[in-house]
Amino acid sequence: MLPEELIEADDARMERRRLPVDCVTGLRAGGERLPLELPDYFLPLQYLPAHLSGHPLVRNLAEAGSVARSAEAGGVAPEFRARELLLLRLREDFPFWAATTVRIKCKGGGPDVPFLLNPPQRRLVETFESARVAGRPIRLILLKARQWGGSTCAQLYMAWLQLMHAEGLNSLIIAHQVAGTDEIKDMFDRMMASYPASLLRAASAKGGGEAPAPGAPKMRRVGKSGNIFRVMARNCKVKVGTAERPDSCRGGDYNLVHLSEVGIWRNTDGKSPEDIVRSACGGVLLRPLTMIVYESTANGTGNFFHREYVAAARGESQFGAMFVSWYEIDAYTLPFACGEERLGFAARLLEGRGSESESSRTASGKYLWSLWERGATLEAIHWYVMERAKYNDHSRMASEYPTDDVEAFAHSGSRVFDRYRVEALRAGCRDPQARGEVVSPFPDGPESLSGLRFEPAAGGGLEVWDFPAADGSVTDRYLTVVDIGGRSSKADYSVVCVIDRAPMAEGRPPAVAAQWRGHCDTDLLAWRAARIAAWYADSLLVIESNTLETRERDRLLDDGQSPYVLMRLQDAYPNLYSRQASAAEGSGTRLGFHTNTVTKPMIITTLIRVVREGLYEERSHAALDEYLTYERRPNGSYGSLPGTHDDMLMTRAIGLHIALHEMEPPRLRVARTRRGSSRPMTESTF
């Protein structure tokens with residue numbers, strides 16, 4: 001690509017960003033839309049949310065082609081029909097409601113302005129609306145960059161539900177500090193001051209609310225606390241509180257809860273963020289027209305917000321996850337002084353796109369090019385380069401202006417794996433062919449290794465990407481590795497990973513064939529792993545033995561497990577991995593792979609090289625996610641970030657080291673005629 005071609009591509013990207021958006025007509029106002037032409041309406045052409053296509057009023061108007069003809073056919077006045085359409089859009093089109101009835105403070109000063117949604121706000125509303133329109137409760141954890149109005153948008157969406165959708169929907173908003181609650185209350189005061197009283201009167205006429213008298217306040221303070229207000233026309237309450245005063249955060253009969261800047265909440269008065277959230281949200285039912293939003297910028301790892309976001313992003317939570325990057329925000333762009341400066345910037349970006357060189361105040365050319373590949377404009381990257389010079393560390397810049405949800409959570413260690421190499425491995429990831437369990441007529445013990453069969457089950461722990469080969473055409477084909485966790489849901493996961501080495505016989509990298517991940521007692525895990533290993537052609541079974549050896553040494557039988565799991569397993573499954581005993585262990589061999597200060601750096605070094613050079617094929621996105629949160633700590637040790645796991649990573653580290661450096665190279669038993677080289681992949685190949 002030439003610099004001129006990059007400029008041309010940037011022009012197209014900028015043109016798309018400059019496409020007109022009109023939240024009043026609905027043009028590109030967010031979500032899928034359908035046009036409705038009515039020449040005699042105050043909006044001759046408008047774009048309605050697509051979910052209204054089947055609404056009787058919309059169908060009637062579309063078929064009639066005008067308000068007057070629709071009104072005449074229905075025996076009503078044109079003004080009545082026009083008002084019906086207006087109220088329908090106000091109720092079903094949040095961007096339209098916000099633009100026509102809500103006024104907010106103008107950034108930078110000046111009079112209040114209509115609330116016109118910016119691109120990230122439109123995306124946020126699309127997320128809310130996808131749940132509401134489908135009749136699902138709204139549950140979202142929002143990780144955001146600064147200064148795009150995510151908190152304001154969430155709060156006003158809740159107000160829309162209260163004012164336009166159902167009577168008696170109570171809302172609770174909890175900010176970080178008192179100043180935050182003042183901002184929230186001020187926003188509601190501004191909104192209600194300009195909100196059309198006619199809409200409140202119409203709403204109160206349909207329900208049991210109290211219509212506001214001309215000139216009378218539209219909200220009234222409830223009680224003596226000063227933090228609860230009632231909108232009389234809708235018979236609903238708005239309560240604001242702070243995480244610094246846990247008593248102000250108690251929930252109750254609330255339907256809509258917005259928790260702001262959760263990532264920086266501190267433990268106060270014996271209350272943790274978890275306690276406050278539980279108290280605030282415990283009474284919210286899992287029903288339509290209920291809403292809970294945790295929203296925050298990132299503030300390190302291992303805290304409540306980080307754990308909840310990671311769980312939501314992995315699909316393990318009731319909540320969805322949403323991230324807004326800095327380059328999605330229009331404010332974070334820096335125009336070029338002239339075309340020559342822009343062309344020179346494009347040339348430097350292209351020239352340095354392969355460079356990994358960086359300093360304390362500059363990002364690498366490779367990183368800057370990745371911003372372009374993600375969708376940032378040259379003007380946005382130009383801003384990033386200038387802003388980055390303010391910070392002497394990438395993690396500081398990332399915490400303020402994160403590019404993705406991985407780097408948003410800054411930490412004190414250094415990442416072990418090159419994120420670009422990790423992302424390259426995602427090309428091999430795919431959904432498993434099947435999910436289930438390898439079962440036997442017997443639950444455990446030596447008998448459970450007979451009569452094996454795969455039983456499909458939607459909730460099964462074993463993901464199968466490639467079923468075992470039945471022809472036995474490759475020697476030493478499979479390797480099964482076990483990382484032992486705990487049996488409780490709060491313990492580390494146990495993982496059984498099967499690696500297929502057959503591709504190595506043809507000069508290609510090995511691949512993950514299957515994986516089991518879950519919690520169970522250690523003795524049951526050992527027999528489960530042995531069944532999986534036996535099913536995969538009696539493969540070499542490698543069990544990370546630290547946990548077992550600790551229990552054997554300390555005779556910890558509190559979970560009812562035998563301290564001699566490996567010895568019992570060896571009698572029933574002879575293809576069990578053993579190692580040469582260390583000097584501390586004495587002479588001879590020991591069962592299992594022992595991870596210690598010598599072997600752990602060894603296997604991690606192997607895995608770093610394997611990832612860097614693409615020397616294996618991964619199938620699980622979740623495993624690669626663990627690579628991105630694995631760090632070398634300031635004391636030199638390796639480990640996962642607080643609140644994350646490394647169980648899948650460790651099975652790959654152990655398994656690939658043994659597969660590439662300890663096992664005999666796999667060989668084809670029967671020669672086959674094929675194109676290309678048939679040279680086996682050996683250690684020297686790697």
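1. A residue is called buried here when its relative accessible area is under 20%, and by that criterion C520, with a relative accessible area of 11%, is buried. The model under discussion is a predicted one, and the remarks below should be read with that in mind.

2. On the cysteines, a search of the whole structure finds zero disulfides. For C520 the reason is distance, because the closest cysteine sulfur, that of C497, lies 16 Å from the sulfur of C520, which is too far for a bond. C338, for its part, is partly exposed, and its relative accessible area is 40%.

3. C497 also belongs to strand β18 (residues 494–500), where it is buried on one side together with V495 and I499, while S494, V496, V498 and D500 are buried on the other, so that both faces of the strand are covered. In a regular strand the side chains alternate between the two faces of the sheet. Since seven of the seven residues of β18 are buried, the strand is largely enclosed by the rest of the structure.

4. The pairing of β18 involves strands β17 and β19. Strand β17 (residues 478–483) pairs with β18 in the antiparallel sense over six bridges, and within that pairing L479 stands opposite I499. Strand β19 (residues 511–518) is likewise antiparallel to β18 and is joined to it by seven bridges, with G518 of β19 as the bridge partner of S494.

5. A further sheet, this one open and made of three strands, has the order β13-β23-β24 with antiparallel pairing. The strands β13 (414–415) and β24 (638–640) stand at its edges, and because each has a single partner strand, one side of each is left without a neighbour in the sheet. Between β23 (residues 630–632) and β24 there are three bridges, and the two strands run antiparallel; Y630 has S640 of β24 as its bridge partner.

6. Helix α2 (residues 56–64) has L57, V58, L61 and A64 as buried residues. Seen down the axis of α2, these buried residues fall within an arc of 135°, and they therefore line one face of the helix, whereas P56 and E63, on the other side, are exposed. The cover over the buried residues of α2 includes two strands, β1 (33–37) and β2 (45–49), together with the helices α3 (67–74) and α4 (78–92). The helix is followed by G65, which has a positive phi near 85°.

7. N235, which is not a glycine, has a positive phi near 50°; N235 sits in the loop between β8 (228–231) and β9 (236–242) and is partly exposed, at a relative accessible area of 39%. E261, also not a glycine, has a positive phi of about 55° and is found in the loop between β10 (256–260) and α10 (273–281). In contrast to the partly exposed N235, E261 counts as buried, its relative accessibility being 16%.

8. A last point concerns D186, which lies in helix α8 (residues 178–194) and is partly exposed, with a relative accessible area of 32%. Although D186 and I104 are 82 residues apart in sequence, their C-alpha atoms are 9.6 Å apart in space.

Technical notes
Residues are numbered from 1 along each chain as its sequence is written. This is a predicted model: local features need pLDDT of at least 70, side-chain atom pairs count only at pLDDT 80 or more; totals for chains, interfaces and linings use all residues. Side-chain values use heavy atoms; hydrogens and water are left out. Two strands pair if DSSP finds at least two bridges between them. Helices (H or I, at least four residues) and strands (E, at least two) are DSSP runs, numbered from the N terminus. Buried means under 20% relative accessible area, exposed over 50%, partly exposed in between (1.4 Å probe, protein chains only). A disulfide is a pair of cysteine sulfur atoms within 2.5 Å. The arc is that of the directions from the helix axis to the C-beta atoms. Contact means heavy atoms within 4.5 Å.
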